[in-house]
Amino acid sequence: RRGLTPAAPRESMFSVPGTYSGASTARWSWTQTRRTVDLVVPMPDGSRVAVDFKPRELSVAVDGEAVLSGPLQAVVVVDECVWAREDNPSQVVVTLRKAIPHVWSGLLEGDEDCQPQLLDGPEHERAKASAASAPAAAPPKLAQSRTKEHSVADKSGGELFIDPAELPELAVLFVRRCSDLTLTLPETAAVVKVLVEDCERMELVVRGRVATETLEVWHCDELSLHALAPLRTLQLDECGAVRARDGARG
């Protein structure tokens, strides 16, 4: 059994509710949500990297040396697993899509139970409030997220189409403070996830590919969601009237 230490979430440009702690070793660290795992492997500049995904197995090699290899704790969706290189610091970032949404107690079979803790979201905020009098140590800072936010903010009235040419690689579409607007993600666009916050009286039409098939909504009212691309998860937090429909129902 491998001895692991808890891992804190990596710094990100935004907070996505539902992130749980994972664990870290001298060679890699990971965190998770119920649906995904984010793994970070530091490496020397200019290294050669090989990543191999299988439904129940993962291998990561740097300059021909296996950094991580073995059976995963549960099955992943291979076609929706991705990896990317990052510079400054030099590292490999791997994202696994879980086949069955749940919190893993370890990354690989045989790992010591990492006792995952919820790191953000409403439940975490309530727990922090109840323990406000207790001093808390700042979590260690790990690598910056490899996803890039594409923001649509403070738009009102009319129709707006996301331009695929303006989307960065591994884009997360973040819609904030929009009202009386019809926003469309066209068929030729692809994003990792869609986040919607503080919007009202608007329609969101999703035609393009959403890699994680996840749409998360906070503090919205009178929101209409029309999914013409596959979406498996719709997470609503502190919302008023929200209506969702898919392409099969027109």
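This is a short tour of side-chain contacts in a predicted model.

Residue numbers start from 1 along each chain as its sequence is written. Local features need pLDDT of at least 70 and side-chain atom pairs pLDDT 80 or more, while totals for chains, interfaces and linings use all residues, and side-chain values use heavy atoms, without hydrogens and water.

Select Phe-174 and Trp-218. They form a tilted aromatic pair, 6.2 Å centre to centre with 45° between the planes (ring centres of Phe, Tyr or Trp, the last by its six-membered ring, within 6.5 Å; under 30 degrees is stacked, over 60 edge-to-face, the rest tilted). Phe-174 is in strand E11 (residues 171-176) and Trp-218 in strand E17 (residues 214-218), 44 residues apart; strands are DSSP runs of at least two residues, helices of at least four, numbered from the N terminus. Phe-174 is buried at 3% relative accessible area, and Trp-218 is buried at 7% (buried is under 20%, exposed over 50%, partly exposed in between, with a 1.4 Å probe and protein chains only).

Arg-176 is buried at 16% and forms a salt bridge with Glu-149 at 2.6 Å (Lys or Arg side-chain nitrogen within 4 Å of an Asp or Glu carboxyl oxygen).

Next, select Arg-56 and Glu-109, a salt bridge at 3.1 Å, N to O. Both sit in loops, so the pair ties together parts 53 residues apart in sequence.

Finish at Asp-180, Glu-200 and Arg-201, linked in a network of salt bridges.
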